[in-house]
Amino acid sequence: MATRFAAARALAQKLILRNGVSATLRRTTEGSPTDAAKPWRSGTVTTTDYTAPMVFLPTGFNDSYIEDGRTHQAEIKILVAADDLTVTPNLKDKVIRGTDSWSVVSVKEINPNDEQVLFILFGVR
């Protein structure tokens, strides 16, 4: 069953490569506190960039996300083929295209039968 959706993964990757642009998923992680007596002071901050082809689409009325029980409107929808990223996007990530930057506010995974095919990210500036 591991290859059941291989054609869908290949098609997603092909279409995003053909119609997308190279962009960066930036992940920032904070290290553990350096002083145990002062845990509110974080340790070293590490930034890692993952470059992949992405498709940027303006959002429509139905493209919203829920946060704190409220529905919000995202500015942009970003499509990324799962095979092009070595990590799973999360809500602390940023997407950078040229000089534009968006914070990821929602992540939808298209993963039939637990096989990752596509990530749909919603972003705000």
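These entries record what I looked up on the strands and the nonpolar cores of a predicted model.

**Basis.** I number residues from 1 along each chain as its sequence is written. In this predicted model, local features need pLDDT of at least 70, side-chain atom pairs count only at pLDDT 80 or more, totals for chains, interfaces and linings use all residues, and side-chain values use heavy atoms, with hydrogens and water left out.

**Barrel.** I looked up the sheet and found a closed barrel of 6 strands in the order S1-S2-S5-S8-S7-S6, with antiparallel pairing. Strands are DSSP runs (E, at least two residues) numbered from the N terminus, and two of them pair if DSSP finds at least two bridges between them. Neighbouring strands of this sheet are turned by 45° against each other on average, direction ignored; axes are lines fitted to C-alpha atoms, and angles run from 0 to 180 degrees between N-to-C directions.

**Pairings.** I noted 5 bridges between S2 (residues 45–58) and S5 (residues 76–81), with Met54 opposite Val80. S6 (residues 94–97) joins S7 (residues 100–110) over 4 bridges, and in their hairpin Gly98 takes a positive phi near 65°. S7 and S8 (residues 118–124) share 7 bridges; Ser103 stands opposite Val124.

**Cores.** I then examined the largest nonpolar core, which has 17 residues. A nonpolar core is a set of buried Ala, Val, Leu, Ile, Met, Phe, Trp, Tyr and Cys residues joined through side-chain atoms within 4.5 Å, where buried means under 20% relative accessible area (1.4 Å probe, protein chains only). S2 gives the most to this core, with 4 residues. A second, separate core of 9 residues includes Ala81 and Phe122.

Conventions. Buried < 20%, exposed > 50% of the residue type's maximum accessible area, 1.4 Å probe, protein only.
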